[in-house]
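Welcome, and please open the structure in your viewer. We will go from stop to stop, selecting a few residues each time.

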Amino acid sequence: MAQVASKVCEICDGGGHGKYHCQECDQLFCENCKMIHTRQRISKYHTYLTVSNTNMEDKMFSNDHRSVTKVNRHSTTDSSESTKNKLEKLQTESLMNIEEKVAKAKSCISQMDNNRKSYREIIKKVINSITEDAEDLKKLVDKKVDDFKKLIRDAEQKEIEKMVTYNKGCRADLQKFQSLEKDIKDEVATTDVYIQLLQKMKQLNTDVDSIELQEVPDEPDVSYINKKLSGTDIDNLFGELQFRDTSSAQRAIVGKQNETRKCDCSKCKGIDNWHTYLGEVDHQPATE
C-alpha cells in the first residue's frame, strides 16, 4: 500500500510531490506524471483527487481490497480496447479498399464505353476508306475500258483508211486495163497492115506491163485475251486490313513501355519519325 505520509510520486524517479491520487490506479502522481498519465489512451478518462482534500489513509485502505479486481479490470479493458482498435482499423482498411475498387471499376466501365464509341468510329472510317478505294478502282477500270475502246477505234480508223486507199488504186488500174483492152480491139479491127498493127500491139503490151498491181495487204486483226483474276490479284488492288489483338498489344506495352524506336509503318513511312513504341499492330518499328 502507498505511504501517504511521504506524499511522494510513485511513478517518477525524481521523487516529485505526490499531489494527485488516481482513483482507478490507486497511485500517487506528481504534476508531470499526471499530465503524461492523462494523455495515454488507456488512462485518458481516469479521475484524480488531491491529497490535501481527502483523508488518503482511509481512502487507500478502503481501496486495498479492490486492488486485485482493478488489476484484472485493467487487463480486460486493455484487451477490449485493443480488439476494438483492431476492428476499427480493419473496417477502415476494408472500406478504403472497397472504395478504391469501386472507383477503379467505374473508371474501367467508363473507359470501356469510350473505347466502344471510339472503336465504332474507327470501323466507320475503315469502311469508308474501303468504299472509297472501291470507287477509285471502279473509276480506274472505267478509264481503262475507255482507253481500250479509243485505242481499238483509232486502229480501226487507220486500217479502214488503208483499205479505202488500196481500193481507189485498184479501181484506177482497172480502168487503165479496160481502156487498153478497148484500144487493142479497136486497133485489130481498124488496121489492115500487119506491120503497123504489130508495132501498135507492142506499144500496148508495154503500156500494160508498166501498170503494176499492188498485192492485197493482209487482213488486219485485233484480239483481246481475257485475264482470269484470282483472289490474290483482287487483294493486291486494296490496302491491307489489320486487326489489333488487344491482349497481345497489352503484353507488348508491358515489355516496351519506354522503348523509343524509329517507326517505318504505313502511317510513318517516308517520315523521320521517332516515337515511343507501344507494340501496336499498325506500328511496326524499323530495324536500325
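Start by selecting Cys25 and Cys22. The sulfur of Cys22 is the closest cysteine sulfur to that of Cys25, but at 3.6 Å it is too far away for a bond, since a disulfide is a pair of cysteine sulfur atoms within 2.5 Å. Searching the whole structure gives 0 disulfides.

Before moving on, a word about what is on your screen. This is a predicted model, in which local features need pLDDT of at least 70 and side-chain atom pairs count only at pLDDT 80 or more, while totals for chains, interfaces and linings use all residues. Residues are numbered from 1 along each chain as its sequence is written, and side-chain values use heavy atoms, leaving out hydrogens and water.

Is Cys33 buried or exposed? Cys33 counts as buried because its relative accessibility is 10%, whereas Cys25, at 22%, counts as partly exposed. (Buried means under 20% relative accessible area, exposed over 50%, and partly exposed in between, with a 1.4 Å probe and protein chains only.)

Now select Ser43. You will find Ser43 in the loop between helix H1 (31-39) and strand E3 (48-50); helices (H or I, at least four residues) and strands (E, at least two) are DSSP runs, numbered from the N terminus. Ser43 counts as buried, with 1% relative accessibility. Show its surroundings too: apart from neighbours within four places in sequence, Ser43 is in contact (heavy atoms within 4.5 Å) with His37, Thr38 and Tyr48.

For a contrast, go to Glu219, in the loop between helix H4 (194-210) and H5. Glu219 has a relative accessibility of 71% and counts as exposed.

The next stop is the second largest pocket. Select Leu137, Val141, Tyr224, Lys227, Leu229, Asp233, Ile234 and Leu237, which line this pocket. Its volume is about 260 Å³. On a 1 Å grid over the protein atoms alone, a pocket is an open set of points where a 1.4 Å probe fits, with protein on both sides within 12 Å along at least five of seven lines; lining residues have an atom within 4 Å of a point. The volume is the space filled by probe spheres set on the points, which are joined across faces, edges and corners.

Which helix gives the most to this lining? The answer is H5, with 3 residues. Helix H3 (67-190) and helix H5 (231-237) each supply at least two. Colour the lining by type and you get 6 nonpolar, no polar and 2 charged residues. Here Ala, Val, Leu, Ile, Met, Phe, Trp, Tyr, Cys and Pro count as nonpolar, Asp, Glu, Lys and Arg as charged, and the others, Gly among them, as polar.

Finally, colour the chain by pLDDT, the predictor's confidence in each residue, from 0 to 100. The chain averages 76. Confidence is highest in strand E1 (residues 20-22), at 89, and lowest in strand E5 (residues 274-276), at a mean of 43. Select residues 57-72 as well, where pLDDT stays under 50, and then residues 248-261, where pLDDT also stays under 50.
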